[in-house]
Amino acid sequence: MRFSIAMEDDLFPYVNIHGDLLRNNYTITCRPGESREKALQYIQALLEDAKNVIICDRYLKNNWGTAQSILDVFPQKQLTIEYVHQLDQNILSGIKRQCSQWKIRRTRDNVYQRHHDRYLRIDSQMEIVITSGIDYLFDNNKECTLVFRPA
């Protein structure tokens, strides 16, 4: 199959690089049994200078035992962490204990209210789609795909 740049929206197999629904994104796919180390290192690098992160995972509180490991890649500095779906007070307290400089709050941004996938949105500039759930980043018995794209 041949791809090339087109200025029109409907000239398949050509791709309009200026606003088409078909886009170039970076992905990491970790198959069952594969290490997640490279994916976690990349997330950590993206978070290094972050000031605000929105976490969207509808099942985060159900999978908190595993998913809480995501906090280990967050920088230990002033950072606002916003969550989309309600979290229990014991989870919120645990996040705050991880780093006292973090501000934790429910997001006012409703961009993810009706989304199915899981997301980390960094400074409203970078979005990481975690297709299987944040907890799958720490369970190598399952597959996990991450899509990195501009927000």
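At 34% relative accessibility, Tyr-42 counts as partly exposed, because this class lies between buried (under 20% relative accessible area) and exposed (over 50%), with a 1.4 Å probe and protein chains only. The model is predicted, so that local features need pLDDT of at least 70 and side-chain atom pairs count only at pLDDT 80 or more, whereas totals for chains, interfaces and linings use all residues. Residues are numbered from 1 along each chain as its sequence is written, and side-chain values use heavy atoms, with hydrogens and water left out.

Aromatic pairs were examined next. A pair of aromatic rings is described by the distance of the centres and the angle of the planes. Rings of Phe, Tyr and Trp (its six-membered ring) pair if their centres lie within 6.5 Å; planes under 30 degrees apart count as stacked, over 60 as edge-to-face and the rest as tilted. By this rule, two aromatic pairs are counted. The ring centres of Tyr-42 and Phe-148 are 4.6 Å apart and the planes stand at 75°, so this pair is edge-to-face. It joins distant parts of the chain, with Tyr-42 in helix H1 and Phe-148 in strand E9, 106 residues apart. Phe-148 is buried, with a relative accessible area of 3%. For Phe-74 and Trp-102, the centres are 5.9 Å apart and the planes at 65°, so this pair is edge-to-face. Phe-74 and Trp-102 are both buried.

Helices (H or I, at least four residues) and strands (E, at least two) are DSSP runs, numbered from the N terminus. Two strands pair if DSSP finds at least two bridges between them. Seven strands form an open sheet in the order E3-E9-E8-E7-E4-E5-E6, with mixed pairing. Strand E3 (26–30) and strand E6 (102–106) stand at the edges, and each has a single partner strand, so one side of each lacks a neighbour in the sheet. Within the sheet, strand E4 (residues 52–56) pairs with strand E7 (residues 118–122) in the antiparallel sense over four bridges. Ile-55 stands opposite Leu-120 in E7.

Helix H1 (residues 37–47) packs on the sheet and touches E3, E4, E7, strand E8 (126–130) and strand E9 (144–150), where contact means heavy atoms within 4.5 Å. The direction of H1 makes about 30° with that of E9; axes are lines fitted to C-alpha atoms, for helices over the stretch in contact, and angles run from 0 to 180 degrees between N-to-C directions. Helix H3 (residues 89–98) lies across strand E5 (79–83) and E6, running at about 160° to E6.
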